[in-house]
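Let's take a walk through a protein model together, starting with the whole and then stopping at a few spots along the chain. Keep the structure open beside you as you read.

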Amino acid sequence: MAEAHQAVAFQFTVTPEGLGFQLSREAVRQLYLAVVHSWKKRLVRAKNSFLTGVYPASPSSWMVVVMATAGSCYCHVDPSLGLIARIQHWLPRSEALTPHVQTVVSTVVFSTGAWLAAVLLFRRLLRLLLSYHGWMFEPHGRVSRSTRVWMALVKIMSIRKPLLYSFQSSLPTLPVPPVKATIARYLESVRPLLDDDKFREMEALAKEFQEKTAPRLQRYLRLKSWWTTNYVSDWWEEYIYLRGRSPLMVNSNYYAMDFLYVTPSRVQAARAANVVHSMMLYRRRLDRGEIPPMMALGVVPMCSYQMERMFNTTRIPGKETDTLLHLTDSKHLAVYHKGRYYKVWLYYGGQVLPPADLEMQFQRILEDPSPPQPGEERLAALTAGERVPWAEARARFFRRGPNRASLDAIERAAFFLTLDEEEHGQEPAQPGCMDAYAKSLLHGRCYDRWFDKSFTVVVYKNGKIGANAEHSWADAPIVGHLWEFMLATDKFQLGYTQDGHCKGDPRWQLAPPQRLQWNIPPEGVAAIEASLRVARALADDVDFCCFPFTTFGKGLIKRCRTSPDAFIQIALQLAHFRDKGSFCLTYEASMTRLFREGRTETVRSCTSEATAFVRSMADPWSSRSERQQLFKAAAEKHQQLYRLAMTGAGIDRHLFCLYLMSRYLGTQSPFLAKVLSEPWRLSTSQTPQQQLKMFDFEQFPDHVSCGGGFGPVADDGYGVSYIIAGENLITFHVSSKFSSPETDSQRFGRNIRQAMLDLAALFDKPAAGK
């Protein structure tokens with residue numbers, strides 16, 4: 001047990017002669033290094049906070065202003081118009097403050113004030129520039145003169161290399177759209193879904209709301225937008241996510257997959273080590289603000305607020321509402337394997353453990369023969385079931401003793417890691433392998449993922465990996481950013497030896513992982529089993545179809561002179577019509593991160609233009625040229641709706657906030673109640689790709705990601721996620737419920753394939769392959 005003694009700084013013994021102390025030099029050294037590392041991190045954060053606060057200026061610009069002012073004064077030119085003299089007059093008289101010193105101090109004070117005023121002015125100007133969104137509505141490939149001038153000004157204003165949060169205070173706030181415009185767009189969106197009588201009824205409700213109820217609600221909502229950073233995001237997080245009482249698993253959490261064709265190492269412990277080390281490198285850059293902010297067109301910054309809670313975050317259950325526990329730092333990892341929980345330290349000597357050390361630690365866990373303790377194996381089922389039973393069990397069985405200490409170790413971990421006993425991934429000879437892979441990541445066995453953690457990394461026995469992410473703290477592109485960095489770092493920077501192990505030699509003197517201890521009473525075990533039954537019923541009902549579409553990709557779609565996203569959305573409308581014989585309210589997630597603390601907005605993809613095109617495809621008398629014209633009109637309409645959503649002129653977030661305001665004010669609105677009760681029977685989302693561009697797809701075409709997916713939103717509907725990876729690959733993730741007689745994920749997947757082929761055939765762009 002020599003390793004264990006290193007974790008103790010001193011030991012003492014009681015003897016008849018008195019107390020005897022034994023210091024461990026190594027432990028004291030490690031403690032000293034940890035303190036030094038902690039203070040270094042604090043100083044780096046303080047420095048970056050200052051640099052972010054004065055962006056686009058810099059400390060060197062302050063020095064330039066001071067020197068210029070001092071030089072002007074030396075040449076008997078007063079740039080302050082007498083202010084320096086006034087400041088000098090206000091300074092206290094003393095022997096230390098000679099007239100010369102007073103002049104210097106006055107000059108520095110004036111220069112600092114002038115510099116700060118310039119910083120505020122530049123930031124205000126930058127915010128005004130970033131409020132311009134005309135560039136988004138210009139035709140593809142055409143840039144107006146005003147947009148060129150605007151882009152040049154933005155580049156000049158942000159010429160200094162920005163840190164992650166440099167633009168946060170310069171981003172514009174999300175505007176509150178006019179009620180009249182929102183209602184008009186809403187009525188336009190539901191027109192293809194309602195017959196004439198129902199549409200007239202909806203028009204009457206909308207008119208009554210607009211004239212009687214809306215003005216008061218809109219005034220209060222505008223007032224909220226003035227005193228909050230974002231009038232939507234706080235309510236969205238609380239009411240859509242944290243107040244939800246249904247299980248997170250399937251209903252809210254989503255997943256991410258590994259490379260489709262490549263597995264960098266098939267050694268489970270080694271792959272886990274590289275993955276964990278890569279994520280810790282990302283966290284270090286995140287803590288220091290060294291990650292460049294995401295930029296649209298390479299010029300327009302996006303909000304980085306959601307990235308703050310990526311690590312060290314857990315959702316804590318409550319009876320009425322959950323809360324998010326976020327720590328500024330965490331030095332350990334929580335690991336699950338074969339029903340047992342472990343605490344693995346991520347630092348040694350103030351430095352992140354290298355991959356070789358992590359592989360050794362994970363291998364120790366894999367080789368541990370100890371059995372699970374009573375109630376331990378299925379403990380995480382509490383996070384997979386209903387929220388209220390979990391909150392009650394947490395308060396009753398995990399308030400004190402070893403249960404509290406072990407639960408804290410999990411909830412305060414940097415993130416959660418599962419060393420899974422199964423093998424998953426794409427195997428062309430095994431039909432349904434991708435479906436099983438998706439289901440494993442979405443819900444697993446219902447007790448081997450900690451669904452409350454910000455994200456759980458899953459490493460399978462064959463080296464394949466994946467992640468399950470909790471949704472309240474951030475949206476999928478944020479996790480996708482981390483995931484891209486990790487995959488590229490794992491494969492192209494860290495690498496492996498020829499036999500698949502991590503590079504370097506481990507330090508065998510490291511203390512082994514700490515096994516977490518539990519003392520769960522029979523009543524607690526019964527609560528775990530009750531949550532597991534609920535979770536299994538939910539998981540068993542999920543019908544998944546995950547498949548790579550390799551006939552063509554964005555290369556052919558762009559040659560059709562249309563947006564790849566619009567192409568796929570229209571194909572989904574065609575596939576859904578063929579699948580169910582009808583149209584439905586369709587949700588496509590769009591981002592609003594051009595605004596401060598922006599999250600998402602809804603694009604209602606089922607438009608009158610799209611339905612007209614779909615009907616033409618079902619009409620044998622419709623000509624090809626007519627179908628092409630209808631398709632182009634549908635694609636242009638979709639792109640227009642997407643642009644409106646991104647620039648704060650969407651429909652659903654505004655109506656959602658008006659509804660909440662009506663509830664706060666005790667006002668009843670039949671219109672809002674009807675709008676908010678409409679089911680989304682087709683919920684879709686595109687997974688972003690190549691946000692970081694850490695490697696070239698053309699050079700490494702096999703290193704494409706499978707993307708990720710989510711569960712069905714409606715009991716009788718479909719959830720569809722897709723990722724456009726490279727020029728010749730689109731991966732689809734289709735989910736539904738077995739319990740619905742109206743849905744079949746495999747059938748819908750076949751309809752999607754055929755719809756994609758039929759759209760491509762319209763433009764005479766056949767492609768070889770399958």
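Helices, as the word is used here, are DSSP runs of at least four residues, numbered from the N terminus. With that in hand, you can find A381 in helix α12, which covers residues 381-384. Please remember throughout that this is a predicted model.

What surrounds A381, once its neighbours within four places in sequence are left aside? Its contacts are C446, Y447, I528, S531 and L532. A381 counts as buried because its relative accessibility is 0%, and buried means under 20%. Look for R533 too: it is 152 residues from A381 in sequence, yet the two C-alpha atoms are 8.8 Å apart in space.

C446 sits in the loop between α15 (433-442) and β13 (455-459). Although C446 is not a glycine, its phi is positive, at about 75°. C446 is buried, with a relative accessibility of 2%. K338 also has a positive phi without being a glycine, in this case about 50°. You will find K338 in the loop between β8 (332-337) and β9 (340-345). Is K338 buried or partly exposed? Its relative accessibility is 45%, so K338 counts as partly exposed.

Another backbone detail is at Y55 and P56, which are joined by a cis peptide bond with an omega of about 15°. P56 belongs to the loop between α2 (25-54) and α3 (59-74).

Now step back to the whole protein. It has 24 helices and 22 strands. Along the principal axes, its C-alpha atoms fill a box of roughly 95 × 80 × 60 Å. A compact globule of 770 residues would have a radius of gyration near 27 Å, and the 29 Å of this protein agrees with that. Of the 770 residues, 55% count as buried. Among contacts between residues at least 6 apart in sequence, 78% join residues at least 24 apart. As for charge, the mean positions of the 92 positive and 74 negative charges are 6 Å apart.

Next, the aromatic rings. A pair of aromatic rings is described by the distance of the centres and the angle of the planes. The protein has 36 aromatic pairs. F567 is buried at 0% relative accessible area, and F631 is buried at 1%.

Y587 and W680 form another edge-to-face pair, 5.2 Å centre to centre with 85° between the planes. Y587 is in strand β17 (residues 586-591) and W680 in the loop between α23 (670-676) and β19 (682-686), so parts 93 residues apart in sequence are tied together. Both Y587 and W680 are buried. Elsewhere, ring pairs link Y336, Y341, W390, F398, F416, W450 and W518 into a cluster.

Our last stop is helix α9 (residues 233-242), where the buried residues include W235, W236 and Y241. What do the buried residues of α9 pack against? Their partners are α8 (196-227), β6 (313-316), β7 (323-326), β18 (600-604) and α22 (652-664).

Technical notes:
Residues are numbered from 1 along each chain as its sequence is written. This is a predicted model: local features need pLDDT of at least 70, side-chain atom pairs count only at pLDDT 80 or more; totals for chains, interfaces and linings use all residues. Side-chain values use heavy atoms; hydrogens and water are left out. Helices (H or I, at least four residues) and strands (E, at least two) are DSSP runs, numbered from the N terminus. The radius of gyration is taken over C-alpha atoms; the globule rule is 2.2 Å times the number of residues to the power 0.38. Buried means under 20% relative accessible area, exposed over 50%, partly exposed in between (1.4 Å probe, protein chains only). Contact means heavy atoms within 4.5 Å. Lys and Arg count as positive and Asp and Glu as negative; His and the chain ends are not counted. The place of a charge is taken as NZ of Lys, CZ of Arg, CG of Asp or CD of Glu. Rings of Phe, Tyr and Trp (its six-membered ring) pair if their centres lie within 6.5 Å; planes under 30 degrees apart count as stacked, over 60 as edge-to-face and the rest as tilted.
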